[in-house]
Structures are given as C-alpha cells and as structure tokens.
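I wanted a quick look at the charged side chains and a bit of sheet here. My notes follow, in the order I looked things up.

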Amino acid sequence: MTLRFDILTTFPEMFGLEAPAALGLSIPARARAAGLVEWHATNIRDFAENKHSKTDDRPFGGGPGMVMMCQPLWDAVRAVEASDPRPTTRILLTPQGAPLKQPLVEELATRPRLLLIAGHYEGLDERVIEKLDPIEVSLGDYVLSGGELAAMVLMDAIIRKLPGALGHEDSSEEDSFSARGPGGERLLDCPHYTKPREWMGMGVPEVLLSGDHGKIARWRLEQMRERTRARRPDLLEP
Ligand code: ADE
C-alpha cells in the first residue's frame with residue numbers, strides 16, 4: 001500500500017518533485033518511483049476567502065510578526081481530507097511540539113495517510129489548532145523559518161522505515177535509535193569502516209577483518225553501548 005503525505009503550506013514549491021528538491025533524490029525518490037509513497041503539496045493561500053488571499057494577520061494584543069488565520073487553513077485541511085477516502089493523521093510542525101523521536105517515526109510509518117501542516121510567521125491562531133487537534137511535533141529546541149523543512153525531515157525519516165524503501169531489507173533496523181539489544185534499548189550506531197584497510201597510518205579494528213560474524217556482532221553491540229553511554233546517557237535511562 002502506498003503511504004500518502006499531504007503537506008499544507010504557503011510554499012508548495014518547496015515540495016516540487018524535480019531534483020534537486022530534498023525529496024527528489026536518493027531514498028525518498030526511489031521509494032516514490034517504486035510506489036511506496038506519494039506526496040501532494042497544497043497551497044493554503046488557495047483557500048483564503050478574502051480579497052487579497054491573505055493567510056495571516058496581525059496578532060490581537062499587539063507585538064511583532066503575523067499569525068496564520070483560522071479560515072484558510074481549516075478549509076484547506078477539510079478539502080484535502082475529502083479528496084481521498086483514507087483517514088488522515090494530522091501533524092503540525094511547530095517548536096511547541098513534542099521533540100521528534102524514532103518511536104513516533106516508526107508508528108507514523110504504519111499509517112496510510114499523513115497530513116502535515118507547516119506553519120509560518122509567529123504561528124497559528126490557537127483556535128484552529130484546537131479544532132484540528134493535530135499531533136504537534138518539534139524537530140528540536142531551535143526555530144526554523146517555517147515548518148516546511150521540518151516536514152521534509154519527518155517525511156524522510158518515515159519513508160526510510162517503509163518496507164522495501166532501502167535496498168537491504170533490514171538496514172534501517174541498524175540505524176541509530178532503532179530498537180536493539182536484549183532489553184530492546186535504543187542505542188547510537190557503532191563506528192563503520194571501509195576500504196582501504198590503512199588510511200593516513202590508521203588501521204581498522206582487527207575484529208572486523210576476522211570473518212567471525214558472532215564476534216563482530218558482539219563487538220558492534222558493545223561499541224553501540226559504549227558510545228551511547230559516553231554521548232547520550234539519557235537514552236539509557238528507563
Ligand atoms: N517550525 C519552526 N521551528 C520548528 C522546529 N524546531 N520544529 C518543527 N517545526 C518548526
């Protein structure tokens with residue numbers, strides 16, 4: 001089954017299908033060509049019922065910046081949802097959201113249809129957020145100019161989890177943060193090496209040349225645990 005993304009944005013051009021658009025190359029492009037995923041960007045502006053197709057206005061109470069108005073976004077969401085019978089999961093990209101983690105990525109990769117709302121300006125009128133009741137997702141504690149890049153990051157992370165998206169069926173299981181280890185704990189990835197065997201006087205760990213797959217697997221798991229302890233001890237907390 002094809003996963004369908006709908007992106008609601010005032011900059012639909014950012015989701016163009018031609019390279020070098022971010023999703024027009026590499027794994028997302030191949031997954032799309034294979035029919036695993038499709039995406040459609042809709043311009044919120046097309047739904048604005050005012051003279052100048054305005055999507056934003058000044059905030060009540062004053063202050064800098066503009067606020068995205070309720071009506072254009074609400075009507076855009078309703079129209080896009082009505083265009084396909086599959087139910088959507090609504091997601092709003094915002095620095096106010098819950099920090100994105102791999103378990104949510106994996107869960108979203110099982111849904112048939114995801115509706116991504118990319119906000120701009122100072123944010124959205126709170127009332128339309130309340131009505132839409134989306135999952136609010138943040139990429140991290142920094143502010144982007146808009147939700148579009150965040151939406152693309154989320155799409156990329158989800159697409160690589162779709163069965164068949166990667167050449168090697170279990171290689172996304174080997175990503176950092178994917179469940180592994182006896183306790184199912186999520187760990188950072190281990191170091192990797194390739195040819196040549198010596199570079200600038202530096203060799204590669206002997207175990208990787210041993211051909212002993214059990215030993216290699218144990219070494220990798222130990223490296224992952226060590227790295228996680230050193231760099232991200234928070235991942236090991238229960
Ligand atoms: N929009 C602006 N900043 C963002 C962030 N950090 N995460 C998600 N969406 C955003």
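**Salt bridges**

I began with the count: the structure holds 15 salt bridges. I keep in mind that this is a predicted model.

I looked up Asp6 next. Asp6 pairs with Arg4 in a salt bridge, and their closest N and O atoms are 2.9 Å apart. Are these two buried or exposed? Asp6 is buried, and Arg4 is too.

Then I went to Arg90. Arg90 has a salt bridge with Glu81, with 2.7 Å between the closest N and O atoms. I checked Glu81 for burial: its relative accessible area is 18%, and the cut-off for buried is under 20%, so Glu81 counts as buried.

Arg232 and Asp234 were my next stop. Their side chains meet in a salt bridge at 2.9 Å, N to O. Arg232 has a relative accessible area of 28% and Asp234 has 40%.

**Glu148**

I wanted a charged residue without a salt bridge and picked Glu148. Glu148 sits in helix α5, which covers residues 147–159. Glu148 is buried yet has no salt bridge. Where is the nearest side chain of opposite charge? That is Arg45, 9.3 Å away. A salt bridge needs the nitrogen and the carboxyl oxygen within 4 Å, so Arg45 does not qualify as a partner for Glu148.

What does the side chain of Glu148 make a polar contact with? I found the side chain of Thr9, at 2.5 Å. I also listed what Glu148 touches, leaving out residues up to four places away in sequence. The list has Thr9, Thr10, Phe11, Met14 and Phe15, and also Ala118, Gly119 and His120.

**The three-stranded sheet**

Last, I turned to an open sheet of three strands, in the order β3-β4-β7 with mixed pairing. Why does one side of β3 and of β7 lack a neighbour in the sheet? β3 (56–57) and β7 (123–124) stand at the edges and have a single partner strand each, so one side of each is left open in the sheet.

I then checked how β3 is joined to β4 (residues 67–68): the two strands run antiparallel, with two bridges between them. For Asp57, I noted Val67 in β4 as the bridge partner.

Key:
Residues numbered from 1 in each chain as written. Predicted model: local features only at pLDDT ≥ 70, side-chain atom pairs only at ≥ 80, totals over all residues. Heavy atoms only, no water. Helix = DSSP H or I, 4+ residues; strand = E, 2+ residues; numbered from the N terminus. Buried < 20%, exposed > 50% of the residue type's maximum accessible area, 1.4 Å probe, protein only. Lys, Arg positive; Asp, Glu negative; His and termini not counted. Polar contact = N/O pair within 3.5 Å; in protein donor to acceptor, adjacent residues only side chain to side chain. Contact = heavy atoms within 4.5 Å. Pairing = 2+ DSSP bridges.
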